[in-house]
Amino acid sequence: MSLIDIRDLTIYYKSYCALDHVNLRIESGDFVGIVGPNGSGKTTLVKSIFGYIQPHEGSVTVKPNTVIGYVPQFSTFNPHFPINVFEVVLNGTLPSPIRYFYHYTEKNKADVKAILNQLKITHLTKKPINQLSGGQLQKVLIARALVTHPDLLILDEPTASLDVDAKEDIYRLLAKLNKEMTILLVSHDISMMKHYVKTFACVNQSLHIHDNNDQLDFAHFEDLY
Ligand SMILES: Nc1ncnc2c1ncn2[C@@H]1O[C@H](COP(=O)(O)OP(=O)(O)OP(=O)(O)O)[C@@H](O)[C@H]1O
């Protein structure tokens, strides 16, 4: 069974059709890059995988017991909230829905330490998040998603607004993580993605799949923007 099986997914916002009979299968171990122009339906596709948006037609089936980690778009995160790195990552262990009087366990805290160590950001543990660089904050958000030990990590434009070195650093980290988990990455960085991604899904209301081993005409992809 595929990790994610999307069949004939059609989503409308009122009368506007954002996704039109989209089909996509994500297999365990894949590194899928979702590309497409602004407003083409990438975030809508991701939200439908989480079940935040219900299909008007078609279905999204997630393999039972799949743990999904999510790194939201940078712009949806408030970097000025008075909280430090350890606390942000610890938040990732909160159960959903949150129970009243929930207390973090010692295991939760040990998991956070282990992830910070794995991502080599232990030195940032006590730093307030408003003192982090863009690349450091992005790694912290990835750490928060990893603390639940996901089978599938979904990232929505994790490298937007980062400089080239910080972008490369994030892509190298994702390539390493892909040895242990499946990755679904929404991004506009086609030129960098093509070095790391195994499968491209090109969204523009409908969806086309390309194997990165194909001789892809990336110039044509870039024309879409
Ligand atoms: N809640 C909503 N209500 C109405 N229209 C919406 C809503 N969310 C998205 N849309 C519209 O649906 C289309 C797809 O939006 P979506 O956010 O999925 O695109 P995207 O490919 O992620 O864009 P971007 O690259 O700019 O982040 C857009 O035309 C958008 O304006």
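Select strand β1 (residues 4-13) and β4: they pair in the antiparallel sense over five bridges. Strands here are DSSP runs of E, at least two residues, and helices are runs of H or I, at least four, numbered from the N terminus. Two strands pair if DSSP finds at least two bridges between them. Pick T10, then its bridge partner in β4, E57.

This is a predicted model: local features need pLDDT of at least 70, side-chain atom pairs count only at pLDDT 80 or more, and totals for chains, interfaces and linings use all residues. Residues are numbered from 1 along each chain as its sequence is written.

The open sheet now shows three strands, ordered β2-β1-β4, with antiparallel pairing. β2 and β4 (57-62) are the edges; each has a single partner strand, so one side of each lacks a neighbour in the sheet.

Next, the ligand. Around it lie Y13, Y16, A18, G36, N38, G39, S40, G41, K42, T43 and T44. A residue counts as near if its C-beta atom, placed from the backbone, lies within 6 Å. β2 (16-26) and α1 (42-50) each supply at least two shell residues. The largest share, three residues, comes from α1.

Now select α4 (residues 134-146) and α5 (residues 164-177): their axes come within 9 Å and cross at roughly 20°. Axes are lines fitted to C-alpha atoms over the stretch in contact, with angles from 0 to 180 degrees between N-to-C directions. α4 and α5 are therefore roughly parallel, the term for angles under 35 degrees. Show G134, G135, Q138 and I142 of α4 against A166, D169, I170 and L173 of α5; these make the contact, meaning C-beta atoms, placed from the backbone, within 7 Å.

How values were computed: Parallel < 35°, antiparallel > 145°, perpendicular 65-115°, else oblique. Contact = placed C-beta atoms within 7 Å.
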